[in-house]
Structures are given as C-alpha cells and as structure tokens.
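Please keep the sequence and the coordinates at hand while reading.

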Amino acid sequence: MAHKLGVLRPKDLVPYGIQAEYLRRLCDRGLLKKLGRGSYVPADARQSSGLALAIVARAIPNGVICLQSALAFHEIGDDNPNEISVAIERRAAKPRVEFPHIRVARLGGPAFVEGVETHQIENVKVRIYSLEKTLTDLFKFRNKIGPHVAVDALRTALAERNVNMRKLWHYARLCRVERVMKPYVDALLPS
C-alpha cells in the first residue's frame with residue numbers, strides 16, 4: 001500500500017485526523033524517508049526523474065515543469081533528476097524546495113498559462129508544458145540556457161516527433177520568438 005502513496009505531505013493527513021508526528025515515526029521505523037521539507041516517500045522508492053517531478057509538483061502546486069525538465073519528460077534531451085526547471089507566475093514568491101534543486105523561470109499572462117498539460121506521475125498530478133510550448137520557451141530563455149540547447153531540441157523534435165506546427169507558431173508568437181525561430185525551422189524542415 002505504501003507504494004501507492006507517491007509523495008506525501010503532512011497536510012495530506014489533516015482530512016484523516018492524523019498528525020504530522022506520525023510521518024516522523026514512520027521515518028524512524030524505516031517505512032518512509034524524507035526528501036526535503038515536507039516531502040515523504042516510501043522508504044523503498046527509487047530516486048528517479050519522475051519522483052523528482054512529483055516532489056516539485058507537490059511543493060509548488062501552481063508551478064509548471066518547463067525547459068530542459070519538460071524536454072526530458074517528452075523524451076528529448078538529457079534527464080537530470082537533480083535539477084528541475086519550473087515556471088512560476090512572474091510576481092510569485094520564489095519557492096523554497098530543498099530537494100531536488102530547482103531552476104525557476106518566471107512567466108506571466110498567457111505565456112504562463114497556455115500549453116499546460118497535466119500528467120499523473122508517482123500518483124501526483126504534475127503540470128508540464130507541451131512539447132511545442134517547451135520548444136518555444138527554450139528559444140525564449142536561450143540566453144540563460146544556451147542557444148545550442150534550443151536548436152538541438154528543435155532539430156530532434158522536428159526529426160523524431162509529430163510536432164504540431166500550428167501550435168508551435170502560436171506559442172512562438174505568444175513568447176515573441178517567432179522571428180528568432182523561423183530561420184531554424186525553415187532550415188530544419190524537409191522541403
């Protein structure tokens with residue numbers, strides 16, 4: 001039964017009248033392990049990128065997994081469960097997460113709320129940007145993450161995936177990177 005828990009927080013126990021002290025006791029007995037502030041998982045849970053995404057989603061419920069972390073979720077690029085990129089509303093306070101290390105991207109308005117998909121990972125609803133939105137965000141943040149990351153991701157996605165070009169251009173306009181992306185898309189698409 002413990003495996004079905006996914007990531008447990010003390011406030012998840014409140015509706016059942018269970019005090020947070022029980023989580024500490026379960027840790028002492030070796031049934032749970034604590035991964036950062038307020039995040040508990042079954043003691044036999046493997047550390048994986050899915051678990052890291054679930055922990056971040058529970059710790060930052062209004063955040064959206066983005067950039068390289070979203071790219072890895074869509075099976076493009078390298079997977080790094082030790083650092084998760086998460087988008088938050090432009091004016092939101094910076095979240096405090098001990099594990100895993102987070103990289104925060106601030107977005108506002110439609111650029112923050114559009115292109116969000118919800119996936120069930122480790123029994124946690126995780127909000128992740130779609131592949132098309134992720135590709136445009138990589139170009140938007142190219143000066144922080146490196147332009148080669150954006151171009152390589154676009155090349156791989158166009159070659160290996162069924163990229164919805166209508167959505168890609170919609171998000172490119174939304175993120176104001178249409179003119180930056182156009183030459184790359186034109187060069188990478190087969191004629």
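Predicted model: local features only at pLDDT ≥ 70, side-chain atom pairs only at ≥ 80, totals over all residues.

Residues are numbered from 1 along each chain as its sequence is written, and side-chain values use heavy atoms, with hydrogens and water left out.

Reader: Which nonpolar surface patch includes Ile18, and what is its area?

Author: Ile18 is found in the loop between helix H1 (10-13) and helix H2 (21-28); helices (H or I, at least four residues) and strands (E, at least two) are DSSP runs, numbered from the N terminus. Patches are made of residues with over 30% relative accessible area and no salt bridge, like charges being joined within 9 Å and nonpolar side chains (Val, Leu, Ile, Met, Phe, Trp, Tyr) within 5 Å. Accessible areas come from the Shrake-Rupley method with a 1.4 Å probe, and for residues only the protein chains shown count as cover. Tyr16, Ile18 and Tyr22 make a nonpolar patch of about 350 Å².

Reader: Which element of the protein chain has the lowest mean pLDDT?

Author: The pLDDT is the predictor's confidence in each residue, from 0 to 100. The protein chain averages 89, and 97% of the residues score at least 70. Among the elements, strand E3 (residues 64-65) has the highest mean, 98, and the lowest, 81, belongs to strand E2 (residues 40-42).

Reader: How many salt bridges are counted, and which residue meets Arg58 in one of them?

Author: A salt bridge is a side-chain nitrogen of Lys or Arg within 4 Å of a carboxyl oxygen of Asp or Glu, and by this rule the count comes to 9. In one of them, the side chain of Arg58 meets that of Asp12, at 2.5 Å from N to O. Since Arg58 lies in helix H3 and Asp12 in helix H1, the pair ties together parts that are 46 residues apart in sequence.

Reader: Is Arg58 buried or exposed, and how many residues of H3 are buried?

Author: Arg58 has a relative accessible area of 16%, so it is buried. The buried residues of H3 also include Gly50, Leu51 and Ala52. Helix H3 (residues 49-59) is mostly covered, its buried residues numbering 9 of 11.

Reader: Which residues are joined with Glu21 into one network of salt bridges?

Author: Arg24 and Glu21, 3 residues apart in helix H2, form a salt bridge at 2.4 Å, N to O. Glu21 also forms a salt bridge with Arg25, the closest N and O atoms being 3.6 Å apart, and these two residues lie 4 apart in H2, about one turn of the helix. Salt bridges that share partners join Glu21 into one network with Arg24, Arg25 and Asp28.

Reader: Why is helix H6 largely enclosed, and what is the relative accessibility of Thr136?

Author: Helix H6 (residues 131-140) has 9 of its 10 residues buried, so it is largely enclosed by the rest of the structure. Thr136 is found in this helix, and, leaving aside its neighbours within four places in sequence, it is in contact (heavy atoms within 4.5 Å) with Leu168, Tyr171, Ala172, Cys175, Val177 and Met181. Thr136 counts as buried because its relative accessibility is 0%.

Reader: How many bridges join strand E6 to strand E7, and which residue stands opposite Ile121?

Author: Two strands pair if DSSP finds at least two bridges between them; E6 (residues 116-121) and E7 (residues 124-129) run antiparallel. They form a hairpin with 2 residues between them, and Glu122 in the turn has a positive phi of about 55°. His119 stands opposite Val126 in E7. The bridges number 6, and the residue opposite Ile121 is Val124.

Reader: What separation is found between the C-alpha atoms of Arg103 and Ser85?

Author: Arg103 lies in strand E5 (residues 101-107) and counts as partly exposed because its relative accessibility is 33%. Its contacts beyond four places in sequence include Gln68, Glu83, Ser85 and Ile145. Although Arg103 and Ser85 are 18 residues apart along the chain, their C-alpha atoms are separated by 4.6 Å.

Technical notes
Buried < 20%, exposed > 50% of the residue type's maximum accessible area, 1.4 Å probe, protein only.
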